[in-house]
Amino acid sequence: MPSLLFCGPKLAACGIVLSIWGVIMLSMLGIFFSAKSAVLIEDVPFTEEDIRDDKNPPQTIYGLYNQVGINCFIAAAIYVGVGAVSLCQVRLNKRQEYMVT
């Protein structure tokens, strides 16, 4: 029977720690981008032409803020998936310790 174990216990634990940190950080960034925080304006991808050619520039910038916030939430969800895989690896490593071969 093939084993689903593909990383060791230390790598799996590191994956869990990094996933927890990534979920917290990216969720908070997503919240702040969705709230249109002025501090994060440098991280919003717009050019001067976006503002110059638009009749209602704040709505364009607000739309970009929302898009970046959604991207942060998507990245946080990916970190949740990586954390789940790492947790499964930790459990498989613990189970392998008790198996007699």
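Predicted model: local features only at pLDDT ≥ 70, side-chain atom pairs only at ≥ 80, totals over all residues.
Is Lys 36 buried, partly exposed or exposed? Select Lys 36 to begin: at 27% relative accessibility this residue counts as partly exposed, where buried means under 20% relative accessible area, exposed over 50%, and partly exposed in between (1.4 Å probe, protein chains only).

Residues are numbered from 1 along each chain as its sequence is written, and side-chain values use heavy atoms, with hydrogens and water left out.

**Confidence**

Colour the chain by pLDDT, the predictor's confidence in each residue, from 0 to 100. The mean for the protein chain is 89, and 95% of its residues reach 70 or more. Confidence is lowest in helix 2 (residues 48–52), at a mean of 76, and highest in helix 1 (residues 9–34), at 96. Helices here (H or I, at least four residues) are DSSP runs, numbered from the N terminus.

**Helix 1**

Select residues 9–34, which form helix 1. At 1.5 Å a residue, its 26 residues should span 38 Å, and the end C-alpha atoms are 37 Å apart, which agrees; the expected span is 1.5 Å times one less than the number of residues. Next, display the buried residues of helix 1: Ala 12, Gly 15, Ser 19, Gly 22, Leu 26, Gly 30 and Phe 33. These buried residues pack against helix 3.

Return to Lys 36, which lies in the loop between helix 1 and helix 2. Lys 36 has a positive phi of about 60° although it is not a glycine. Most residues other than glycine have a negative phi.

**Helix 3**

Select residues 57–98, which form helix 3, and pick Asn 66 within that helix. Asn 66 is partly exposed, at 31% relative accessibility. Leaving out residues up to four places away in sequence, Asn 66 touches Ser 34 and Lys 36, contact meaning heavy atoms within 4.5 Å.

Move along helix 3 to Ser 86. Asn 66 and Ser 86 are 20 residues apart in sequence and 30 Å apart in space, C-alpha to C-alpha. Ser 86 counts as buried because its relative accessibility is 8%. With residues up to four places away again left out, Ser 86 touches Ala 12, Gly 15 and Ile 16.

**The nonpolar core**

Select Phe 33, Leu 40, Val 44, Ile 61, Tyr 65, Val 68 and Cys 72, the seven residues of the largest nonpolar core. Such a core is a set of buried Ala, Val, Leu, Ile, Met, Phe, Trp, Tyr and Cys residues joined through side-chain atoms within 4.5 Å. Helix 3 supplies the largest share of this core, four residues. Centre on Val 68: apart from its neighbours within four places in sequence, this residue is in contact with Phe 33, Asp 43 and Pro 45.

**Cysteines**

Cys 72 is buried, with a relative accessible area of 10%, and Cys 14 is partly exposed, at 39%. The sulfur of Cys 14 is 9.9 Å from the closest cysteine sulfur, in Cys 7, too far for a bond. With a disulfide taken as a pair of cysteine sulfur atoms within 2.5 Å, the count comes to zero.

**Annotated segments**

Finally, select residues 12–35 and 68–90, where an unreviewed UniProt entry places the feature "transmembrane region"; such annotations may be inferred rather than shown by experiment. Residues 12–35 are 96% helix and 0% strand, with end C-alpha atoms 34 Å apart. Residues 68–90 are 100% helix and 0% strand, with end C-alpha atoms 33 Å apart; strands (E, at least two residues) are likewise DSSP runs.
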